[in-house]
Amino acid sequence: MRLDHTAGPDLGGADLTATERGVLDAIDEQGLLADLAALVAIPSTGGSPAEIEAQDWCADRLAGIGLEVDSWDIDVAAEQAAPGFPGMEVERAQARGCVAVLGAAAQPSGSSGVVPALVLSGHTDVVPPGDLTAWPDRGPYRLRIGDGLAAGRGTCDMKGGLAAVLAAVSAVVSSGVRLRRPLAVHAVSGEEDGGLGAFATLRRGHRAEACVIAEPTSGAVVPANAGSLTFRLEVRGRATHGSTRTRGVSAIDLLAPVQAALRELETARNASAPILFDHLDLPWPLSIGVVHAGDWASTVPDRLVAEGRYGVRIGESLEDARTAFEQAVGRACAADPWLCEHPVEVTWPGGAFASAGLTADDSLVRDVTSCVEAQGGSAPGVVGAPYGSDLRLYIAAGVPTLQYGPGDVRHAHALDEHVAVADLLRCARVYALLALRRCGLAT
């Protein structure tokens with residue numbers, strides 16, 4: 001975890017220059033919404049062919065704006081075999097990378113010798129929409145604009161943020177501004193189920209001096225994320241006919257003492273939290289989301305499989321988090337006559353999201369805060385988030401990173417997902433101003 005970065009330009013709270021005002025005035029609301037509509041129309045759920053379609057759309061759009069683009073086929077098997085691979089929760093045989101650079105060739109930093117001053121990053125994959133009939137008439141993959149909101153799958157998490165990035169970069173280019181140092185855009189896929197896209201992008205050698213990820217942050221600056229792990233519990237009982245229930249041992253009933261032990265573990269782990277996380281009632285939540293048991297109504301089930309999400313505390317290693325969980329399950333088993341002889345099996349499928357963060361006084365935090373204030377906004381809150389993201393992959397690669405983007409995470413993954421249009425425009429202006437000040441103007 002990186003907590004010591006303090007170098008970098010201090011933007012201060014200076015008034016906007018004429019050049020800055022010109023770029024901000026060039027933010028095109030209709031162009032932003034058109035890009036968002038095009039992105040939402042691509043049903044890029046994890047593992048689907050549309051994941052690649054969305055990445056290709058980004059590559060074409062960024063090239064059309066005037067950036068140099070590096071688009072490549074990701075060798076999924078090779079990434080899975082690489083040390084530190086963050087996991088993957090869906091079947092995926094192929095993936096595409098997309099990096100675009102303004103002011104230099106879109107080459108990995110190590111080969112070109114040019115490190116962008118800033119990268120704006122966003123993921124193009126979305127979670128499944130659930131019950132299609134529950135969505136409004138136009139469905140999840142058609143953008144709806146009304147009452148100041150843009151609605152559709154991915155508008156909040158996080159195609160809205162990506163559209164705001166495109167609007168910011170377009171405004172810089174259309175204004176005729178020449179940057180002294182390069183600006184990069186990373187469009188990645190596979191974020192929702194582990195982070196394959198960002199992991200492959202960084203392994204390819206793409207770096208920057210700083211990174212802002214356009215995840216929804218409700219107007220706050222988020223320099224630190226808790227982590228999360230997916231756990232799987234397999235509980236074994238003894239089957240019998242339902243009419244002779246007492247001769248059997250129900251795997252469903254056996255889950256109860258394990259659940260109680262996990263709730264105690266959650267309470268103990270959340271007894272205290274660093275100041276960045278003290279606004280949350282549960283910084284490191286633990287929940288069971290899927291339960292499968294039984295195959296016949298009149299049979300006592302002898303097998304139960306439960307899967308859930310387990311929060312990783314800031315600064316805690318994934319290994320230590322797993323150990324604490326396994327020990328809690330072990331104690332529950334040791335206290336139960338049946339489970340003592342037939343212990344619950346714990347495994348860890350899917351993505352592994354480590355915790356990571358910058359300090360609240362990091363220069364990148366100050367710079368983003370200054371860009372919000374320079375446009376007449378009040379100082380944004382600086383808080384930690386209880387969920388994982390690609391932030392931890394960039395920080396692990398030595399790139400100071402924070403999250404700042406349009407939308408409220410409560411609307412992410414939700415039915416009729418949406419984001420405020422005003423929020424999209426505000427973030428686009430912050431990205432554009434940050435790009436000007438971090439990258440500088442060519443003389």
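Which residues does S44 touch, not counting residues up to four places away in sequence?

First, the ground rules. What we have here is a predicted model, so local features need pLDDT of at least 70 and side-chain atom pairs count only at pLDDT 80 or more, while totals for chains, interfaces and linings use all residues. Residues are numbered from 1 along each chain as its sequence is written, and side-chain values use heavy atoms, with hydrogens and water left out.

Now, pLDDT is the predictor's confidence in each residue, on a scale from 0 to 100. The chain has a mean pLDDT of 94, and 96% of its residues reach 70 or more. Residues 1-8 are another story: pLDDT stays under 50 there, and the model has 20 contacts for them beyond four places in sequence. Where pLDDT is low, the predicted coordinates should not be read in detail.

Okay, back to S44. The answer is A50, E51, A54, T124, D125, V126 and K159, where a contact means heavy atoms within 4.5 Å. S44 is found in the loop between α2 (29-40) and α3 (50-65). Helices (H or I, at least four residues) and strands (E, at least two) are DSSP runs, numbered from the N terminus. Is S44 buried or exposed? Buried, with a relative accessible area of 0%. For the cut-offs, buried means under 20% relative accessible area, exposed means over 50%, and partly exposed is in between, with a 1.4 Å probe and protein chains only.

Next, take a look at strand β6, residues 183-188. Six of its six residues are buried, so the strand is largely enclosed by the rest of the structure. L183, V185 and A187 point one way, A184, H186 and V188 point the other way, and all are buried. Which way does strand β2 (residues 95-102) run relative to β6, parallel or antiparallel? Antiparallel, with five bridges joining them; two strands pair if DSSP finds at least two bridges between them. In that pairing, L102 stands opposite L183. Strand β3 (residues 118-123) pairs with β6 in the parallel sense, over six bridges, and here G122 stands opposite A187.

Last topic: salt bridges. The rule is a side-chain nitrogen of Lys or Arg within 4 Å of a carboxyl oxygen of Asp or Glu. How many does a search of the whole structure find? It turns up 21.

One of them joins R204 and D70, with the closest N and O atoms 2.8 Å apart. R204 sits in the loop between α7 (196-203) and β7 (211-213) and D70 in strand β1 (residues 68-74), so this pair ties together parts that are 134 residues apart in sequence. R204 is partly exposed at 35% relative accessible area, whereas D70 is buried at 11%.

Then there's D367 with R438, at 2.7 Å between the closest N and O atoms. That pair also links distant parts of the chain: D367 is in helix α11 (residues 363-373) and R438 in helix α13 (residues 421-439), 71 residues apart. D367 is buried at 0%, and R438 counts as buried too, at 6%.

R410 and D408 make another, with closest N and O atoms 2.6 Å apart. R410 is exposed at 67% relative accessibility, but D408 is buried at 15%. And finally, salt bridges that share partners join R232, E234, R236, R303 and E307 into one network.
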